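Subject: The two-chain model, and what I found in it

Hi,

Here is the structure I promised to pass on. Have it open while you read, and my notes follow below.

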Amino acid sequence: MIAPLLEVRGLRKYFPLAKGLLRRVTGYVRAVDDVSFTIQEGETLGLVGESGCGKTTTSRCILRAIDPTGGEILYRTRDDTVVDLAQMSAGQLGPLRKDIQMIFQDPFGSLNPRMTLFDNVGEPLLVNGMRRRQDRMDHVVELLRLVGLRPEFMHRFPHAFSGGQRQRIGIARALATGPRLVVADEPVSALDVSVQAQVLNLLLELQSRLRLTFLFVAHDLSVVRHISDRVAVMYVGQLVELAPTAAIFSRPRHPYTAALMRAVPVPDPRVVGDDGILPGEVPSPASPPSGCYFHPRCTFAEERCRRETPVLQEVTPGHFARCHFAAELELGVG
Amino acid sequence: MPPIPTATEPLLRVRDLRVSFRMDEGTVRAVDGVSFDVFPSQVVGIVGESGCGKSVTMRAILQLIDPPGRITGGEIIYRHGATPIDLARLPPRGRMIRALRGAEIALIPQEPMAAFSPVHTVGSQIIEAIMLHERQDSRPVGRDQARAMTVELFRDVGISMAEQRIDAYSWQLSGGLRQRAMIAMALSCKPRLLIADEPTTAIDVTTQAQILGLLRALQHKYQTAIIFITHDLGVIAQMANYVVVMYLGRVMEEGPVDEIFHAPMHPYTRALLRSIPSLQTEVRAALPVIAGTLPHPFNRPPGCPFHPRCEDILPEHCATAVPALHSPGPRRAVSCFLHSDLAEPA
């Protein structure tokens, strides 16, 4: 089998907590704590979790927007050599940047309001050495068509467009350099329901046309379920479950995943889904609980969960869960 | 869901409400003829996408429309004791509306971080409201008693260590606790009508489930009428017993929650329900979409506001005349030419 396009191994990102006049480091926020997963070429991996779980930090480490504290980020380049993005210098990363691009959450904040669509979408082309204006023009026309926008809009400014249209512009810009891996951080959560579906469909269509690989970061489980081949769930900086989409939604193996699914309000008044509300709150990644991080909120917790930290174990082929009782628990989802 | 209460008199009756914002570029008709009723102890869900006028409608009820916005027509009849009053005609800074705000009609805003003052403790802000509005033996409540009442409220909304937490500042509380404190504040004067404007949009899904459960329990306990605004159809289905669907400042359809979800009449409602990915739909299949985008408020389409995106458009009608809100049965209304020829007077 061919090596995965991306393999993250033991990724860690600790942010220091400084106190006092001398800013002495008194502790660390373990935003990402030993996260490992792979993404095959052409696949979509959905990364879900609640705020503060480390999903955005993970994606920013992969882009090297921030430097990881430890671990490896192995990327298979176009000539099939595997490089570790975590160890590379800024200069070495340069040529790889066009391979890995990002779609942002906020379509209002992520486009330069003083630049026309042509400049916004064409800037990555200029940066990557496309000097002739006419070449860039031709390319931008093609990109705008690709994302379903009329090329005549090219000389307008972002303020003239709605949220959904701006997100299309953001997608066009991410695709300008012909990336292989696209990291999408909450790309539809700022959009209205009727527009959200359009953008999700566009992403699915672009993926099959351009053979893109997606890391899709989101908090909305129904959106993630809709777009992902496999789903990874994070809780307090750790991966607690990783499985193919159908498997994780029909039979979650970690109590947190099951609780997360039950918490989603069902858009049908005949389905009453208010049983099993998860008590308590997400602990701080600066001082996580002992043993299993989830034990204070878990209905199945036993003495062992307080003492022993569980490891991510393969329960059935391809289905991983970080729970001592992953093999035994019968977890309902709705 | 509890059955729809059968009180004969509505607590709140909104009729043909219109709010416009006069800007340099033109006038935006943010609310353009909205009508609905809220009965005592009923939960009315108002659902719609951005710009549909749901929040402006709520601000109009509380007379909180800031210039250049203005209520330009319609009435908001609130049954205050035995005498109905028209909130739309009250001066926004007058005594009457100020006596009603907080005491009889309370608001839970979307962003609890922005709603609490960061320089006063959350407790002191609630104590202030109680001392302002509450009477005991026709005398204002004293500070000590107001404090005791606040601690009691904090326990009611499930805040642990209530005595300590009431002296915390809003920025010291987590998102879930802050929203609970906000609910405590809204309930502090035992309002008859609670307006919850996207109360769970800014918080995580497991916390949202806790807050929704809490609101349901409190609604049951105090029998408060609630207007629940959200864009999340899942939240509406789980919380409301009556639903109003809005689009570009107009009511598209309203009715009991089960009929809206299982027998929707308006093409917009039907399209909206189809387009949401749910935990039940097929994985990685294209979702049915509503074509086009929400029009810019200055470019309101003529005729039915939804007609440029509608699948069932009747070209000779929908682009020229505005369909009137018509009642095909009790507690049901729809504004669409597929169901009635009634048009708004031009």
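First, the housekeeping. This is a predicted model, so local features need pLDDT of at least 70 and side-chain atom pairs count only at pLDDT 80 or more, while totals for chains, interfaces and linings use all residues. Residues are numbered from 1 along each chain as its sequence is written, with chains lettered from A and ligands numbered from 1 in the order in which they are written.

**Sheet in chain A**

Chain A has an open sheet of 8 strands in the order S6-S7-S8-S3-S9-S10-S12-S11, with mixed pairing. Helices (H or I, at least four residues) and strands (E, at least two) are DSSP runs, numbered from the N terminus, and two strands pair if DSSP finds at least two bridges between them. The edges are S6 (100-103) and S11 (313-316) of chain A, each pairing on one side only. On average, neighbouring strands here are turned by 25° against each other, direction ignored. S6(A) runs parallel to S7(A) (residues 181-185), with 4 bridges between them, and A:Met102 sits opposite A:Val183 of S7(A).

Two helices of chain A lie across this sheet. Helix H1(A) (residues 55-62) lies across S3, S7, S8 and S9 of chain A, at about 150° to S8(A). For these angles, axes are lines fitted to C-alpha atoms, for helices over the stretch in contact, and the values run from 0 to 180 degrees between N-to-C directions.

**Sheet and hairpin in chain B**

In chain B there is an open sheet of 4 strands, ordered S2-S1-S4-S5, with antiparallel pairing. Its edge strands are S2 (26-38) and S5 (83-86) of chain B, and the twist averages 15° from one strand to the next. S1(B) (residues 12-23) is joined to S2(B) by 10 bridges; B:Ser20 has B:Arg29 as its bridge partner in S2(B). Helix H1(B) (residues 54-61) packs on the sheet, touching S1, S2 and S4 of chain B, and its direction makes about 70° with that of S2(B).

Further along, S13(B) (residues 326-329) and S14(B) (residues 332-334) run antiparallel, joined by 2 bridges. B:Gly329 has B:Arg332 as its bridge partner in S14(B). This hairpin has 2 residues between the strands, and B:Arg331 takes a positive phi near 55°.

**Helix H4 of chain B**

H4(B) (residues 122-133) has 12 residues and reaches 17 Å from first C-alpha to last, close to the 16 Å expected at 1.5 Å a residue (the expected span is 1.5 Å times one less than the number of residues). Its buried residues are B:Val122, B:Gly123, B:Ile126, B:Ile127, B:Ile130 and B:His133. Buried means 20 or more other C-beta atoms within 10 Å of a residue's own, exposed means 12 or fewer, and partly exposed is in between, with C-beta atoms placed from the backbone. Seen down the axis, the buried residues of H4(B) fall within an arc of 145°, so they line one face of the helix; the arc is that of the directions from the helix axis to the C-beta atoms. They pack against H5 (143-156) and H7 (175-187) of chain B.

B:Tyr169 is in the loop between H6 (162-165) and H7 of chain B. B:Tyr169 is partly exposed, with 15 other C-beta atoms within 10 Å. Not counting residues up to four places away in sequence, B:Tyr169 touches B:Pro118 and B:Thr121, where contact means C-beta atoms, placed from the backbone, within 7 Å.

B:Leu233, in H9(B), counts as buried, with 25 C-beta neighbours inside 10 Å. Leaving aside neighbours within four places in sequence, its contacts include A:Pro267, B:Leu272 and B:Ile276.

**Where the chains meet**

38 residues of chain B are in contact with 40 residues of chain A. On the chain B side, H8(B) gives the most, with 7 residues. H11(B) is mostly covered, with 7 of its 9 residues buried, and what covers them includes H6 (193-210) of chain A.

Cheers
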